[in-house]
Amino acid sequence: MKSCITISLVEEARGGPFVLWDGLEKSIAFAGELGYDAVEIFAPGTEAIDADQLSSMLDKAGLKLAALGTGAGWVKHKLQLADADAGKREQAKKFVRDVIDLAGQFGASAIIGSMQGRSDAVVDAPTARKYLCEALEDGGSHAAQYNVPLIYEPLNRYETNQCCTVADGVKLLDSLSTQNVTLLCDLFHMNIEEADIAEALISGGDKVGHIHFVDSNRRPVGCGHMQYGRIIAALRQINYQGYLCAEAFAWPNPEEAARQTMRAYKYWTQS
């Protein structure tokens with residue numbers, strides 16, 4: 001298992017659960033100094049990142065790009081994949097494809113979380129699920145050219161009514177024709193929705209493609225009441241080789257949140 005930390009460039013999301021906020025160059029350099037393996041970046045859109053400059057920054061810091069988030073598609077641009085309007089759904093899918101194209105240059109994946117949308121009074125549950133599946137088919141197929149999967153994240157019930165558990169996510173992925181979509185298992189969401197986090201991860205098996213490594217209160221690992229022994233054991237049982245990525249509040253500040261996550265990562269993975 002490898003270490004990773006989130007960097008946000010989306011001002012509209014400031015105060016949200018991303019650790020580093022002070023621009024790419026400074027944040028990447030700091031992550032490298034602390035010994036992280038990779039970064040996960042949330043940008044307003046692909047136009048905010050120069051691929052050559054990013055490559056140079058990562059190389060200088062000795063880091064990989066783990067993934068690019070698509071959350072700004074919803075937070076900033078109000079695009080979501082279950083929109084009742086076909087034109088807006090296509091805009092949302094294009095936003096995702098653009099992120100896939102940028103991430104793919106680095107051998108990294110795009111993540112679909114908040115852009116998945118939800119059912120409501122206008123779009124009923126079966127239709128919302130149909131629209132989401134269409135988008136995952138599109139994105140998964142598009143990502144295949146880069147030999148990386150598209151990553152889909154079940155969210156807690158307060159953020160979506162599409163998929164809220166690992167079991168929901170597995171069922172969704174099994175319904176797709178593409179095999180190129182994996183699950184992001186976020187421990188914060190799982191703490192709300194799962195009866196047993198470790199068992200849920202085991203049931204996810206090889207569909208578990210990315211982990212958000214965070215505590216029960218969305219603070220850095222070790223600052224809440226999450227019990228990690230069985231969680232790490234479960235990840236080892238399924239032979240998880242991916243990233244443990246800190247998507248946490250910058251508590252009490254970004255620097256200490258980054259340091260605390262690295263301390264916790266070393267403790268739990270090296271013990």
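What percentage of the 271 residues of the protein count as buried? The share is 56%, where buried means under 20% relative accessible area, exposed over 50% and partly exposed in between (1.4 Å probe, protein chains only).

Before going further, a word on what you are looking at. This is a predicted model, in which local features need pLDDT of at least 70 and side-chain atom pairs count only at pLDDT 80 or more, while totals for chains, interfaces and linings use all residues. Residues are numbered from 1 along each chain as its sequence is written, and side-chain values use heavy atoms, leaving out hydrogens and water.

## The whole protein

The protein has ten helices and eight strands; these are DSSP runs numbered from the N terminus, with helices being H or I of at least four residues and strands E of at least two. Its C-alpha trace spans about 45 × 40 × 30 Å along the principal axes.

Two residues are in contact when they have heavy atoms within 4.5 Å. Among contacts between residues at least 6 apart in sequence, 76% join residues at least 24 apart.

## Helix α4

Helix α4 covers residues 86-104, and its 19 residues should span 27 Å at 1.5 Å a residue; the end C-alpha atoms are 26 Å apart, which agrees. The expected span is 1.5 Å times one less than the number of residues. Buried residues of α4 include Phe95, Val96, Val99 and Ile100. The buried residues of this helix pack against α2, β3, α3, β4, α5 and β5. Here is a handy rule: an α-helix has 3.6 residues a turn, so residues three or four places apart point the same way.

The table gives relative accessible areas for a few residues.

| Residue | Relative accessible area | State |
|---|---|---|
| Thr261 | 2% | buried |
| Ser119 | 14% | buried |
| Ala13 | 17% | buried |
| Ala167 | 51% | exposed |
| Asn239 | 53% | exposed |
| Asn147 | 73% | exposed |

Which residues does Thr261 touch, not counting residues up to four places away in sequence? They are Tyr36, Phe213, Pro220 and Ala246. Thr261 itself sits in helix α10.

Ser119 belongs to the loop between β4 and α5. Leaving aside neighbours within four places in sequence, Ser119 is in contact with Asp124, Ala125, Ala128 and Asn161.

Ala13 is in the loop between β1 and α1. Phe18, Trp21 and Val75 touch Ala13, again not counting residues up to four places away. Ala13 and Phe42 are 29 residues apart in sequence, with their C-alpha atoms 9.6 Å apart in space.

Ala167 lies in helix α6. From its C-alpha atom to that of Leu201, 34 residues apart along the chain, the separation is 9.3 Å.

## Backbone details

Most residues other than glycine have a negative phi, and most peptide bonds are trans. With that in mind, look at Asn147, where phi is positive and near 60 degrees. Asn147 is placed in the loop between α5 and β5. Asn239 also has a positive phi, about 60 degrees, although it is not a glycine; Asn239 is in the loop between α9 and β8.

Finally, a cis peptide bond joins Trp251 and Pro252, with omega about -5 degrees. You will find Pro252 in the loop between β8 and α10.
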